[in-house]
Amino acid sequence: MEQIVLRNCALLVPGEDDTRGGYDVLIEGDRIRQVSDRPIVASNARSVDVGGKTVMPGLIDCHVHVMSVVANPTENAGLPNQTTAYAVIPVLRSMLSRGYTTVRDAAGADFFLAQAIESGYIDGPRIFPSGKALSQTGGHGDFRRRTDHLEPSCCSDRLGMLTRVEDGVDSVRKATREELLKGATQIKITASGGVASSADRIDNTGFSLDEIRAIVEEAAATNTYVLAHAYTPRAIRRAIDCGVRTIEHGNLVDEETAKRMHELGVYAVPTLVTYDALAKHGEHFGLYPESIAKVADVREAGLRSLEIFRNADVKIGFGTDLLGEMHKYQSDEFQIRASVLKPSEIIASATATNAEILRMQGQLGCIEPGAFADLLVVDGNPLRDISLLAGQGEHLTAIMKSGCFFKNELA
Ligand SMILES: [Zn+2]
């Protein structure tokens, strides 16, 4: 197996406040084999001098929608499959260029896309797909408009339709089993109203308790879990009391609900950048006025939710949730969070905590023997200047995924 040794690394260990100088990292095949503060002896290895730059784990984004290639969800759902399949290629490539070596897709991407990347047909992050997210009729995943002639379902066979509308315990149970059969690694539900859907209010709840319980039960039966889109304390409470493991967005959370999340070991995956992008660019990219009007309801509360989660000791993951033309703002999430959290906390969210959410601790989000060789070489120290992770990967000198360089500008 091919060996590469990275020499003279400033190692970034998630959770620590500064890097550790003078490390060597030995990579064998797709894995990290050895990490040492003494020179590693490996006579057959290709030696790469990192020159004291920061070496950190590849970033993980736990809430993306790569199959959203145009911002308007109804338009996206109506695209021919070929268009969506080709348009996703640059979306994936750009994410990897920004340093995301793994993503959890929170609706839309399926097993076959994950496999196409794994097989090397297209460049992109490793994907944990949720398949189509489950929504009730009139819920956040129902992209029919009030004014539409309401056909029983809409575009459900289209790749660009990120959701499926299901009602009733039997129906959601079957839908969950189908998504798991098709290769979803976890199940996504919309447990409250949302911004991008036009006909529901943010403070609506989604699904009956019996429906949520049935979905959680089926996910647990195949040893996986449920993530729920939810904004309000009421919606979060309903979801977590039924066994949902991760709360997506959570902008309007209160102290009491955050305390309950902590008690139950529930993760929060805030996605603040999407509200920023929707407020600034949503109209330009064709989002409905009724959607734009809802952005303010959650945007302001977003930063406060980070404080509430942190004070309640809720484990905070890292997500972005951008749609269509707005994917390029993905790494603005770092700077938005920096007004509340320390760089070390934000980086830990986007590496170690997200790996826990994926149940891949020790394999992803860390630089340790046995882990996947997903590494970034950063020109500077992002623990002192988080903006080094912003933009389109300009400050990343090298990006390695599964032991292969996707980018390498080291001399
Ligand atoms: Zn989302």
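**Notes on the predicted model**

1. Let's start with a strand pair. β11 and strand β12 (residues 226-230) run parallel to each other and are joined by four bridges. Within that pairing, isoleucine 187 sits opposite valine 226 of β12. Keep in mind while reading that this is a predicted model.

2. Staying with β11, which covers residues 187-190, look at where its side chains go. Ile187 and Ile189 point one way, Lys188 and Thr190 point the other way, and all are buried.

3. Threonine 190 belongs to strand β11, and it counts as buried because 28 C-beta neighbours lie inside 10 Å. Which residues does threonine 190 contact, once neighbours within four places in sequence are left aside? They are Ala133, Ser135, Gly139, His140, Gly141, Gly206 and His229.

4. Next, a sheet elsewhere in the chain. Three strands form an open sheet in the order β6-β7-β8, with parallel pairing. β6 (59-64) and β8 (126-129) are the edge strands; each has a single partner strand, so one side of each is left without a neighbour in the sheet. Ignoring direction, neighbouring strands of this sheet are turned by 15° against each other on average. Strand β7 (residues 100-105) is joined to β8 by four bridges, and the two run parallel. Aspartate 105 has proline 129 as its bridge partner in β8.

5. Leucine 92 is a helix residue to look at. You'll find leucine 92 in helix α2 (residues 81-97). Is leucine 92 buried or exposed? With 23 C-beta neighbours inside 10 Å, leucine 92 is buried, because the cut-off is 20 or more. Setting aside neighbours within four places in sequence, leucine 92 contacts Val66, Ile117, Ile122, Asp123, Gly124 and Pro125. As for alanine 184, 92 residues away along the chain from leucine 92, the C-alpha atoms of the two are separated by 18 Å.

6. On to the domains. The domain assignment gives domain 1 as 3-58 + 366-408 and domain 2 as 59-330. Taken over C-alpha atoms, the centres of domain 1 and domain 2 are separated by 31 Å. Where they touch, 11 residues of domain 1 are in contact with 10 residues of domain 2. On the domain 1 side, the elements giving two or more residues are β16 (396-401) and β17 (404-408). β16 gives the most, with three residues. By class, that side of domain 1 has five nonpolar, three polar and three charged residues.

7. Two backbone spots are worth a look in your viewer. Serine 402 has a phi near 50°, a positive value in a residue other than glycine. Serine 402 is located in the loop between β16 and β17, and it is partly exposed, with 17 other C-beta atoms within 10 Å. Arginine 359 also has a positive phi, of about 60°, although it is not a glycine. Arginine 359 lies in the loop between α11 (343-357) and β15 (375-378). How many other C-beta atoms lie within 10 Å of arginine 359? There are 15, so arginine 359 is partly exposed.

8. Finally, the whole chain. The protein chain has 11 helices and 17 strands. Along the principal axes, its C-alpha atoms fill a box of roughly 70 × 45 × 45 Å. For 411 residues, a compact globule would have a radius of gyration near 22 Å, and the protein chain agrees with that at 21 Å. Buried residues account for 56% of the 411 residues. Of the contacts between residues at least 6 apart in sequence, 70% join residues at least 24 apart.

Technical notes:
Residues numbered from 1 in each chain as written. Predicted model: local features only at pLDDT ≥ 70, side-chain atom pairs only at ≥ 80, totals over all residues. Buried ≥ 20, exposed ≤ 12 C-beta atoms within 10 Å, placed from the backbone. Contact = placed C-beta atoms within 7 Å. Domains from an automatic or database assignment. Nonpolar A, V, L, I, M, F, W, Y, C, P; charged D, E, K, R; others polar. Pairing = 2+ DSSP bridges. Axes fitted to C-alpha atoms, helices over the stretch in contact; angles between N-to-C directions. Rg over C-alpha atoms; globule rule 2.2 N^0.38 Å.
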